[in-house]
Every structure is written in C-alpha cells, then in structure tokens.
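Hi everyone, thanks for making time today. I'd like to walk you through one protein model, so let's bring it up on the screen.

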Amino acid sequence: MSDFIPVCEPLLGGNEVKYVTEAVQTGWISSSGKYVTQFEEAFASYCGVKYGVAVCNGTVAIHLALAALGIGKGDEVIIPAFTMIATAFAVCYTGATPVFVDADKETWNIDASRIEEKITTRTKAIIPVHIFGNPCDMDAICAIAKKHNLYIIEDAAEAHGAEFSGKKTGSFSDIASFSFFANKNLTTGEGGMVVTGNEENYKKCRYFKNMCFPVDAPRVYSHDNIGFNYRMSNLHAAIGLAQTERADDYRTMRIHNAELYKKYLSDCKGIIFQKNQANALNVHWMNAIVINPREYGRTKDELIAHLKENGIDTRLLFVSMSRQKSLKEFGCDCSGEYPVTDWLSENGFYLPSASSLTEEQIKRICNVIKGFSK
C-alpha cells in the first residue's frame, strides 16, 4: 500500500552517511574507531553528565549499570510493572530479583507513592523508567532513595533529551541507561549507552563491557572477573554521533507531532493520552492512547483492526511484568494486583510516532479514528 504509515521509522537526516563512509573507507569498523569516543562524549554532554560508555544495545546498558553497582544474587531491585521486559531481564541477568510497582494512572510511569511499601532489607536499587519519553517524578524517587540508601538507575531508553525541573533524564541517578534501537528518537540501528557522573562507575562499565580487559593499559589475557562483550562498533557510533548532533531537532519534531495528535483528537470522546507533569518535558518516543470503550463506542482491538484496514500501523502496549511466565519461573513475586498496568495493557496501543511524520499524515490518522467512533 503506497500510503501505508508505519508505526515508526528512523530519521537519518544529518551526517550519518558521511561519518559511516569515512569509517568504512579508513577500515575503522570495530569498537576501536574514533567515533565511539566522540559519540560517548557528545551524548554524555547532551545529557548533562561527564561520562558515557557506548554498548551494543539498551538491554545490556541496564545490565552493565547494575553490574557496575555490584547488584547480584540475593538483592532486590524495584522496577515498574508497566515497562518493556528488558528492564526486568537485565535485573535477572545479575541474579537479583525484580520487584514490581504499579503505574500512575495519569503519567503511566512508576507510581512513586507505592515504592516504599515494596522496600525490604534486600532492596538495593530503584529503576525508574521514563515511559514513552515522559520523565518520572524524580524529586520523589530521589528522596526515597536517599532515605533508604538505595541506588537509582534511570532506564531512559525512551527519553533522549527529556527533562524534569530543567535537568535532562540520565542526570538524576547514580547511573543511567539509554537505547538507540531503530525506533528511538535517536538511533544507531542497534545500540545503547550508559551515562554517569561518577568516575568509579564509569571505569567499572568500561572494564566489564570489554571482557574485563584492563582499561587504558596493555592488553593481557588474564582476567580477574567475569566480563561481557558489550562493545559498540565504530559504524554504529558514527550514526550515533550524527544523530546526537541533531538531537534537539528530532526532539522538537516528536513534541510537535504529539501536540498535533492531541489537537486533532481533542473532540473525540474516549481517547486518553498520557499526562505530562507541569515541571517535565515529555519527548514522546511513542504517541500511545488508551481507549475508553464506553465513551468511544468501540474496543481497542476493533480500532486497531480498522486502522490496519486503512493502512495505518500500530503496536500493543507492554503486558504487566506480573503476568510474565518467564519472570514467575525465575522466582519473582507476581501475586500482587497492578490494576493501572493491566488497564493500560488491555486498552492502549501506539499510534505512528516517527519524527518525520507530516501533519497531513497525522490528520489522516486522526480522521480515521474519529470516523470509527460510535
């Protein structure tokens, strides 16, 4: 279908071809090329922190952050019930146990008012996930972490350039992780980054990500710890540097598109958007909506099918961590109730959200949605 609108596609509108071509022509295609360091420095600076460590994807970025902080078997880490399962899996990789907290019904982020009831003597860290680019209530989360002497690891996979009280996501925590998957606001195709203001954490991440070879020292094949091969290639980093150079442009595009969706669907009953906090800048990685079937007159599944018939792609929202067979078998306590997370999963989905969407495309999507309501 020539007028098909995918749910997301990358925008490569800067120096990507120039930088990748230079890397190929010079033969620097592994993790040793100059673009890795340049990307790390540029992206860390963009986040307002001192150090960046580029890795091969966002999931391993979380794992590397946890490993650097010494999280391991017997520990508990608090995460949202409403998140991509990568957040939970990364905790499991360390041998620690994910503990779930329900979502806030308006922001869809972890409900900070429910965190303390999940803290035990085994709790070592909180992983707030900035869902769809909407920053968590970091004032509340930082206060809880300080009170209970817990680490904070921001999962900012979806929140490049998002802000809370004027500070960028990734700068509130002991250590933070980002994803650069192809559908993210900034992409390297596949890739991730750990950022931190702490030099010790930075050195540990560099050490563990490269098989525990000595950092900034001659290579010897004697390894004191179990390490990982989480390196990013110079080719991916070349794309990442070009993307970072245009980060604010792409951020503006995503925010503008979200405003257009809200504008053109403002008169359509039964459509619920994620709510922004007054002191936060949501960068709208995905434009997700929740359907109230009684008001809209149709179910989520009916609307998804109708959009598909009209050449408009969608995606379902996350299923609660408490309902994941893999996590139950791992040993997570999945017995609690997570009503907001279940409500989001049962009634919500993504609309097309690429930075390059045109206003005409958004109008078309919204007209199809409005025309299908009863």
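Let's begin with a question: which residues are buried in helix α10, residues 300–309? Before I answer, please keep in mind that this is a predicted model.

The buried ones are K300, L303, I304, H306 and L307. They sit on the same side of α10, because together they cover an arc of only 165° around the axis. There is a simple rule behind patterns like this: an α-helix has 3.6 residues a turn, so residues three or four places apart point the same way.

On the face turned away from the buried side you'll find the exposed residues D301, K308 and E309.

What do the buried residues of α10 pack against? Their partners include three strands, β12 (287–291), β13 (315–316) and β14 (348–351). The helices α9 (293–296), α12 (339–347) and α13 (359–372) are partners as well. Following α10 comes G311, and its phi is positive, near 75°.

Hold on to β12, as we'll meet that strand again in our next topic, the cavities. How many cavities of 30 Å³ or more turn up in a search of the whole structure? The search finds 1, and the volume of the largest cavity is about 70 Å³.

Its lining is made up of A258, K262, F273, Q274, H284, M286, N287 and A288. The elements giving two or more residues to that lining are α8 (247–264) and our friend β12. Sorted by class, the lining has 4 nonpolar, 3 polar and 1 charged residues.

Note on methods. Residues are numbered from 1 along each chain as its sequence is written. This is a predicted model: local features need pLDDT of at least 70, side-chain atom pairs count only at pLDDT 80 or more; totals for chains, interfaces and linings use all residues. Side-chain values use heavy atoms; hydrogens and water are left out. Buried means under 20% relative accessible area, exposed over 50%, partly exposed in between (1.4 Å probe, protein chains only). Helices (H or I, at least four residues) and strands (E, at least two) are DSSP runs, numbered from the N terminus. The arc is that of the directions from the helix axis to the C-beta atoms. Contact means heavy atoms within 4.5 Å. On a 1 Å grid over the protein atoms alone, a cavity is a set of points where a 1.4 Å probe fits but cannot get out, and a pocket is an open set with protein on both sides within 12 Å along at least five of seven lines; lining residues have an atom within 4 Å of a point. Grid points are joined across faces, edges and corners, and a volume is the space filled by probe spheres set on the points. Ala, Val, Leu, Ile, Met, Phe, Trp, Tyr, Cys and Pro count as nonpolar, Asp, Glu, Lys and Arg as charged, and the others, Gly among them, as polar.
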